[in-house]
Amino acid sequence: MNDTVALLQKFNAHPDSRCWYVAWNPKGTLLASCGGDRAIRIWGREGDSWECKTLLQDGHQRTVRKVAWSPCGNYLASASFDATTCIWKKKNDDFECLTVLEGHENEVKCVAWAPSGNLLATCSRDKSVWIWEVDEENENEYECVSVVNSHTQDVKHVVWHPTQELLASCSYDNNVCVYKEEDDDWECRATLEGHTSTVWGLTFDPSGQRLASCSDDCTVKIWKECQPEGGQEGTDVAWKCVCTLSGFHGRTVYDIAWCPLTGALATACGDDGVRVFKEDETADPDQPAFSLSAHVPKAHTQDVNCIAWHPKEAGLLVSCSDNGEIAVWNYQSGV
Amino acid sequence: MAHKSEDLFDCILMADDRFHVEGYREGFGEGTRQGMIDGRKHGASHGAKLSMEVSFYYGFGITWKFLLQNNTDVKARKRLKVLESLLGLIQKFPHEEPQYEHLQEDMEKVRAKFRQVCSLLNVPTDFSDYVKSGGSGGISF
């Protein structure tokens, strides 16, 4: 392990509460964070450090659990425990709340924009995943295209495929579901079973051929789409678990991120540590192997909730924790 | 004579066992009868709940369909399409078959479709009077 993760900056982002999530805007110039203090903060780079540019305080009545930037970078969506999802429009350094999406029965756990920018997915403790469409003419109008109840428990995370119109979700029911559109309605096409406890996070590899999941069972699983037996067109797709990383994490793995630039895999763990895994190049593509490249055992003083790679700068990594802090890291691979 | 005295002792010796068996048979019979009664009540109550829910969605759907069917704008057309989809799902539902293997799945589809319809029609969905939500107001992660 001659690869390193060096701390660049650490700062308190959400005073006296948890920082739940951090997200880079598509250009990588801004970092959005959200937390238990019901606020969203937008951070911008000032020289070598990150400063708070905007504070969005009154959008939600309860914890803001996740935030997501639209692919164009002009909109920000926030998912909250108050059962609503807020869509914000960027106007210079400020953000204006465009619309509030209601419908979930209770806490919204995640929101994600499709790469096309026309679709949005949300998921909730009410076990459902909702797909919304933005009206082309009216940026304030979001219409619910589908409601899917494939999970039997709290849905923790949703993520879109980087290039296709495909959605994945994971849940407290230990499963991952993959959805595709069929006749104007979204349906669950595959259920990925294998984890033995809550699946907290999901991330696609840069090409979209593989999906990585992380779980309360302390493992990370890599899934690959494979041709179903019989090869019939239009039948359900099949995803197989092609790799399991176990024995690396001491506690629940809360988040996982696949670097779009380098292919490195970073994890956020309940043992307060941040880890980076590299893929072994010699392995068979249908049986990938990953090894632990770098590990920061006490990245934070409490659970690490989120980890995110910078979209433009290779090796730049950000994490956030239950102690309200955000940490910015530089990962360097010796090889 | 010997035969008769054997019977006599038999009666006494096996009394315990005999009463045991008789008691068991009576109890089993009573339990079965009571079980049938309880089971029937249980089934009827669950059937009624499910039926109430499905009928509510159906009535809701038909009412809105009636209200929107003469409206020609694009949005109304879209909503009608989803309403038709909801009504279709309910009509396909086998009302007389309690052992229908896809009952749970189909019910979830109907419920999901109903929520989508409400969202499109801007009808707020606060069913706290009718539906018990599991532990709201607690800590969430």
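Reader: How much accessible surface does chain B have, and what share of that surface belongs to carbon and sulfur atoms?
Author: This is a predicted model, in which local features need pLDDT of at least 70 and side-chain atom pairs count only at pLDDT 80 or more, while totals for chains, interfaces and linings use all residues, and side-chain values use heavy atoms, with hydrogens and water left out. Residues are numbered from 1 along each chain as its sequence is written, and chains are lettered from A and ligands numbered from 1 in the order in which they are written. Accessible areas come from the Shrake-Rupley method with a 1.4 Å probe, and for residues only the protein chains shown count as cover. On that basis the accessible surface of chain B comes to about 10900 Å², and the share belonging to carbon and sulfur atoms is 59%.

Reader: Which pattern does chain B follow along its sequence?
Author: Helices (H or I, at least four residues) and strands (E, at least two) are DSSP runs, numbered from the N terminus. Chain B has 4 helices and 0 strands, and read along the sequence its pattern is α-α-α-α.

Reader: How far apart are the end C-alpha atoms of residues 23–60 of chain B?
Author: In an unreviewed entry, UniProt places the feature "domain: Essential protein Yae1 N-terminal" at these residues, 23–60 of chain B; UniProt positions are given in the numbering used here, feature names are shortened, and annotations may be inferred rather than shown by experiment. The span is 100% helix and 0% strand, and its end C-alpha atoms lie apart by 55 Å.

Reader: How many of the residues of helix α4 of chain B are buried?
Author: Helix α4(B), residues 103–121, has 19 residues and reaches 27 Å from its first C-alpha to its last, close to the 27 Å expected at 1.5 Å a residue, where the expected span is 1.5 Å times one less than the number of residues. Buried means under 20% relative accessible area, exposed over 50% and partly exposed in between, with a 1.4 Å probe and protein chains only. Of the 141 residues of chain B, 21% count as buried. Helix α4(B) is mostly covered, and of its 19 residues the number buried is 14.

Reader: Which residues does Thr99(A) contact, leaving aside its neighbours within four places in sequence?
Author: Thr99(A) is found in strand β9 (residues 94–101) of chain A, and it is buried, with a relative accessible area of 16%. Contact means heavy atoms within 4.5 Å. With those sequence neighbours left aside, the residues in contact with Thr99(A) are Thr85(A), Cys86(A), Ile87(A), Asn140(A) and Tyr142(A).

Reader: In strand β28 of chain A, which residue is the bridge partner of Gln9(A)?
Author: Two strands pair if DSSP finds at least two bridges between them, and an open sheet of 4 strands in chain A has the order β1-β28-β27-β26, with antiparallel pairing. The edge strands, each pairing on one side only, are β1 (4–12) and β26 (304–309) of chain A. Strand β1(A) is joined by 8 bridges to β28 (residues 325–332), and these two run antiparallel. In β28(A), the bridge partner of Gln9(A) is Val328(A).
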